[in-house]
Amino acid sequence: MSKNLRFKSSKLVDETYRVSFKFNDKTYYGYKGDTLASALLANDVHLVGRSFKYHRPRGIMTAGSEEPNAIIQLHDNTSRTEPNVRATEIEIYEGLVASSQNCWPSVNFDIGGINNILSPILPAGFYYKTFMWPKSFWEKYEYFIRKSAGLGKSPKEADPDIYEHKYIHCDVLIIGAGLSGIMAAKMSAKNGLKTLLVDEKSFLGGSTIYDNSEFSKINNQITSSWLEKEINEISKLENLEIKTRTSVAAFHGYNFLLARENLTDHLPINQRENKIRHRLLKIRAKKVISATGAIERPLIFDNNDRPGILLSSAIKKYIDLYGIACGENNILFTNNDTAYETAMSLVQRGIKINAIIDNREEIESKLSYELEKNNIRIFKGYTVVDTYGYKRINGLSIMQLSKDGQKVIGKKIKLSCDSLGVSGGWTPAVHLFTQSGGKLKFREDDQVFIPNKYPSDQLSIGSCNGDLSLEDITTNTVLSVKKFLNINKTDYKTFEIITGINKSKRNIWLLPSDKILGKTKSFVDYQNDATAKDIKLALREGFRSIEHVKRYTTTGMGTDQGKLGNMHALGIISETAGTKIGEHGTTTFRPPYTPLTFGTIVGRNVGEFFDIIRRTPIHDWHVANNAKFENVGQWKRAWYYPKENENMHQAVQRESKAARDYAGILDASTLGKIDIQGTDASEFLNRVYTNAWSKLAIGKCRYGLMLNEDGMVYDDGVTTRLDENHYIMTTTTGGAANVLGKLEDYLQTEWPELDVYLSSVTDHYATISVCGPHSKKIVSKVIPDLDFSDEKFPHMSFKNTKIGQIKCRVMRISFTGEQSYEINIQSNYGKSVWEKCMEEGKDFNITPYGTETMHLLRAEKGFIIVGQDTDATMTPIDLQMDWIVSKKKYDFIGKRSLYRSDTIKDDRKQLVGLLTENPKEVLEEGAQIVADITKSPIEMLGHVTSSYYSPNLNKSIALGVVKGGKKMLGQKLIIPMENKNINVTVAHPVFLDEEGERLNAKL
Amino acid sequence: MKNKYSIFSLIKNAFSYHENWEKAWKDPEPKKEYDAVIVGGGGHGLATAYYLAKKHNMKNIAVVEKGWIGGGNTGRNTTIIRSNYLWDASAGLYDHALKIWEGLSQELNYNVMFSQRGVMNLAHNLQDVRDLKRRTHANRLNGIDAVYLNTKEVKKFCPIINTSQDIRYPVLGGTLQRRAGTARHDAVAWGYARGADEMGVDIIQNCEVKGVKRNGDTVEGIETTKGFIKAKKIGVVAAGHSSVIANMAGLKLPLESKPLQALVSEPVKPIIDTVVMSNAVHAYVSQSDKGELVIGAGTDDYISYSQKGSHDIVEGTLNAILELYPIFSRMRMLRQWGGIVDICPDASPIISKTSIKGLYFNCGWGTGGFKATPGSGDLFAHTIANDEPHKLNAAFNLNRFVSGDLVDEHGAAAVAH
Amino acid sequence: MFLINCPFCGEREQSEFKAGGEAHIERPKQPTELSDDEWAEFLFMRKNIKGVQFERWNHAHGCRKWFNIARDTSNDQIKTVYKMGEKPPVE
């Protein structure tokens, strides 16, 4: 049975609510309110994990989100497993299962521990210097390196939890609900500002809320009691929203912040069903107040990483807040007064303190006198030089510091302990401030970086602003918040502060040892096993910038992002290089402050919500009729309609044949439609298309090709003149939005003098295209009132008409080469008109066809598809479409580019038809085309862009682009495939009905 | 001769507690004059200096860097290396680089950890399939290893990809280049710096260029924060800041500098053993030797030198990651950052002389410059030394923007119909 | 994630807008008169300024209007917003 180190109940922990959990397969008990770390400590478990590189035993070091060591795998081998969870952050719940990481077979006996023995040949950057021989072996070495690296294990199943996003707009966002944050929230909300206060913890009040010492008072009240009253007061304020378990992850420019609100991680698994796990708050605040506190610094000495070594403030928090002792024989090691507060807390609970080791030679504070009165030994001017115990600290040795603090002198004294609390002073948590672009300044007095220049409307208060004493925090918070929020009046008058500590500190970044540095392991980055000697090695090898040193030694690159050790790295660099701190850069803190779950960032945008699905008004019919769909941009387009056992090829052959022999029907609703109106509409079209538009008669349609300004084909489609000043343009499905954007751009910025208005009407109309020799009969039945005679309604013209009472437009245009009518009708009637066409077409074997058949039919006619037969390097001339480029027009988009030295070359890649020697052989789209396979390297002349077996021609046909192809008609070329060469002949790209007789098919 | 790096030197130095390692490179003050100065101490710039010294016997040269070497895009990219480009010119350029990568650790005696774990590109729609097949055929004929994989083969090569055909943009296939992979980005800069330094190249850090001095159409030197440095030849390899230097010389370049973001997850045990790229849903992922998932996001569409992009871009990328890898939902983002990439209208680089004699530019690498580092340095060194491009970089001249002979790599994948 | 004050709609997230690059590059009125070099200058060559840049933006997911802004590209701080056709601010 393990020991119980819980001494006394506390405000936070509910001792009536016992919680059982498993750690490394053993069952333990804790109470509601415990973190996993506090519950383990209560059970006297310190050994929690193994370090990254040397696999050294590691324990719980902190009591917060800065924890480098105590990171565990939650719920291994389940769908809710999560790697690298900080034991200090996770609140326990019934059924929690946690296990140690990065160790095999177990945390107690870890094979990887051999790395610790090998460590003399594994200095910083060793892998850059070795594993280079033999040359082919790197990947074999790497296999083992990768296996031993990493920490936890990635989940292997999809995440059962749900996440969401919420936008919040507030006047003032206050980050951190410690003493200064609470005060700021009160001032802000009481002055009518819409205020949001967030804190990462489950409770309010920060570290002040458990400061029960008689030696620390505000206005004659114990500070925790004073703050409790404040909290009670603000919880009633209307303007104030308070969110706990909410951690600000990122502070971007323009006061845009991301915070993660944790809603279920503290609940038993069976209570999480259908609840949102995390909510990502996207906060846009007019003003931001950072009250993010400070993080205690460790001290850097030999073997400063053993389980049982904690920050002194963590020991205080575990005893004061959770009622747990971290050991029964404690030593505190400090360079400032903080550890004395911890000592007082221990003394008050009657927990043994073996000694206090203090770097300072002179100590003058009420607390130290008080402790000495309690017969606590204080070694003044001493430092720890080594610690003992493999899986748990069991002792340490100390020596006296020389006057300059650079050496140790005198005799070594050994002391026993089972817990060591260290304090190297405090580092203001300026991470969010620097993320936002804020610039820091270095305060020499106590060697801290503090905010200097704010990049946006924001303020830092409390200890994150470098106000580390109770007096400074209270007084400065009121002053600066008043000014920042333009407040005249607050409830706060003057503060009467009593404190037991003074500010003196003896800062030595790397404490001296009796050993040479090369024999020590003084950890700066605990998680990544970067030591002081690694940093010195990096400097010796010429790495000077902090960023170089970080990258070479991996200091600060762990999951804690160097929250504990970065300052020491900077300090050691400046001491070694003899420069001022900051001269070699301060490291940049990058978002997020604490790691953010991917699922949280993604929110609801998963699965079917990953991207919008656009469906045509006729979609349901396609589904009901067994259509297979193709994604085209965001659209779902019917691809083909297989019958019974048909595969795609069989379906497409059937559909293509039917469309040419009888009638086919296509849902063309996805094509982009832009309504163009205005007195200059014709002139506008002249400028955007390559061909001329002014003379297009009302009621006529024309095909147009649009170029980029660099002369390359951009989009195409048919545009119809509905009226004198009214056109409707169709675009490709995927290009619709871009075309509209481009046209608006020219209209508004280059040609504002034109009287033209553009509207996207793609979604307003359903477009049903009926083609084939029987198409006229079918549409005549659907629209009996309209005269479909070729004289009245010739190819490339349009009619306004009605189906019943419903207005519609009918265009006689063709992308298949067949006689073809396109009915455009208000979307919500699309499906019934489609069904009507099917009904009336039944006798004519009307066959629905999809995009694949459409592609085949148009290829038979040699019609291009922009994006398939063109690739942004093709001009209309390359496409052999010279006819569509107006020679008369003075200008149009892209015209000038067609006359550059390269674009006028006549051996550019040009669109041609290709026929295979074996008519049954269908080429692969994308296959390359060459003339000579004997040359090396083989010169590629172009590639196959479209290729099909044509059931109407009973042979394989293809389109392709070939260098100088225009002049190659009839020439033999080769398609070299992996396993064979296919012989082809260059042909005219129009394979069927070159004369266009089918457009007016008479049956 | 410097300490040669090897397991033996590590053991030997262990006995002296690693107190005797030499500087990997010195930190000299600039001389008054050099035969050539390279502006920009990233991988490309350092490689250029290395090859100028090594292959063209130019020893009186310097690299000037405004911050610290390798601190720009070299240290900020997702380290993907491949050569499966469509156009002959690009394939030639990038495969030249890839071949150097294959022996780079040994050449530099610095382990750059080039790991040929393969790069897979996914197809999510029918046009993707056509484009990838087209590229695979072109690669094969250009002697570049590339195979087309169907969905099943994709799944087999990388089992954690969601290849269900019911997802929004299902995986329809992919290409695989097995020789492709990743390398340790910092090591590339450091290895070249060490190699160049050994041959006498001055690597000058914290030295920002403030002006380019020219006499008529000939360059004379640069004004820097460490004074004027005279030079007959100046090669600018300043990535996102190329236009800034060009403007100092009175030139304009066809570039826009935009933020590009990337992120890593917390480190985990091996879970993905290759590099998977998807253009259509925009998600690139690999896993570093340390265990972090390395994820490349896209560029914002506006010009910025702030090294910060918008959160939307990161969110969009992770949306795509979870679409393809739902198992990563509970993984956590550890760190995100931005770089500034200089993008050409045709998404191909410029390695070229300019209208000013003695002034050369190597820029426009956009989002994919890291992979070209050794090749780019080699060819740029050739161009500077001979005042003529090598045949492998001849197509990447500045004049192509005038003639129209672009090397359009991204336009080669247009989406429409 | 900066905010842009659309002159027609007011302040909105940058993600609602589409960037249109450097402003005040007028499309030549007589392109055919230009040499290849001059045309390339219009087509491709850009100042790509680090510092205050005049640039075009379109409220693509809003009013669809184009307008200009002056923005410091080194820190993304927007100095002014002005309509198409207006002269750039002097300061």
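1. Let me start with a contact in chain A: A:Lys129 and A:Glu541 form a salt bridge, with their closest N and O atoms 2.9 Å apart. The cut-off for that term is a side-chain nitrogen of Lys or Arg within 4 Å of a carboxyl oxygen of Asp or Glu. A:Lys129 sits in helix H3 (residues 126-129) of chain A and A:Glu541 in the loop between helix H12 (532-540) and helix H13 (546-553) of chain A, so the pair ties together parts that are 412 residues apart in sequence. Helices here are DSSP runs of H or I with at least four residues, strands are E runs of at least two, and both are numbered from the N terminus.

2. Before going on, the ground rules. This is a predicted model, where local features need pLDDT of at least 70 and side-chain atom pairs count only at pLDDT 80 or more, while totals for chains, interfaces and linings use all residues. Residues are numbered from 1 along each chain as its sequence is written, chains are lettered from A and ligands numbered from 1 in the order in which they are written, and side-chain values use heavy atoms, with hydrogens and water left out.

3. Is A:Lys129 buried or exposed? A:Lys129 is buried, with a relative accessible area of 1%, and A:Glu541 is buried as well, at 0%. Buried means under 20% relative accessible area, exposed over 50%, and partly exposed in between (1.4 Å probe, protein chains only).

4. Now a pair to set beside it. A:Lys190 and A:Asp491 make a salt bridge with the closest N and O atoms 2.6 Å apart. A:Lys190 belongs to helix H5 (residues 179-190) of chain A and A:Asp491 to the loop between helix H11 (470-484) and strand E29 (497-498) of chain A, so this pair joins parts 301 residues apart in sequence. A:Lys190 is partly exposed, with a relative accessible area of 41%, and A:Asp491 also counts as partly exposed, at 40%.

5. A:Asp44 is in the loop between helix H1 (36-42) and strand E3 (47-50) of chain A, and A:Arg392 is in the loop between strand E21 (382-388) and strand E22 (395-401) of chain A, 348 residues away. Both A:Asp44 and A:Arg392 are buried.

6. Over all chains, the structure holds 110 salt bridges. A network of them links A:Glu164, A:Glu241, A:Lys243, A:Glu261, A:Arg279 and A:Arg604.

7. Still in chain A, have a look at strand E24 (residues 419-423), where five of the five residues are buried. Which way do the residues point? A:Ser419, A:Gly421 and A:Ser423 go one way, A:Leu420 and A:Val422 the other. In a regular strand, side chains alternate between the two faces of the sheet.

8. E24(A) has parallel pairings with strand E17 (residues 309-311) of chain A, over three bridges, and with strand E18 (residues 330-334) of chain A, over five bridges. Pairing requires at least two DSSP bridges between the strands. For landmarks, A:Leu311 has A:Val422 as its bridge partner, and A:Thr334 stands opposite A:Ser423.

9. On to chain C, which has one helix and six strands in the sequence pattern β-β-β-α-β-β-β. Its C-alpha trace spans about 40 × 25 × 25 Å along the principal axes, and 46% of its 91 residues are buried.

10. Four strands of chain C form an open antiparallel sheet in the order E3-E4-E5-E6. Strand E3 (18-22) and strand E6 (77-83) are the edges, each pairing on one side only. Neighbouring strands are turned by 30° against each other on average, direction ignored. Within this sheet, seven bridges join E4 (residues 52-58) to E5 (residues 66-72), with C:Val52 opposite C:Asp72.

11. Where does chain A come in? Helix H19 (residues 736-750) of chain A lies across E4 and E5 of chain C, at about 85° to E5(C). Axes are lines fitted to C-alpha atoms, for helices over the stretch in contact (heavy atoms within 4.5 Å), and angles run from 0 to 180 degrees between N-to-C directions.
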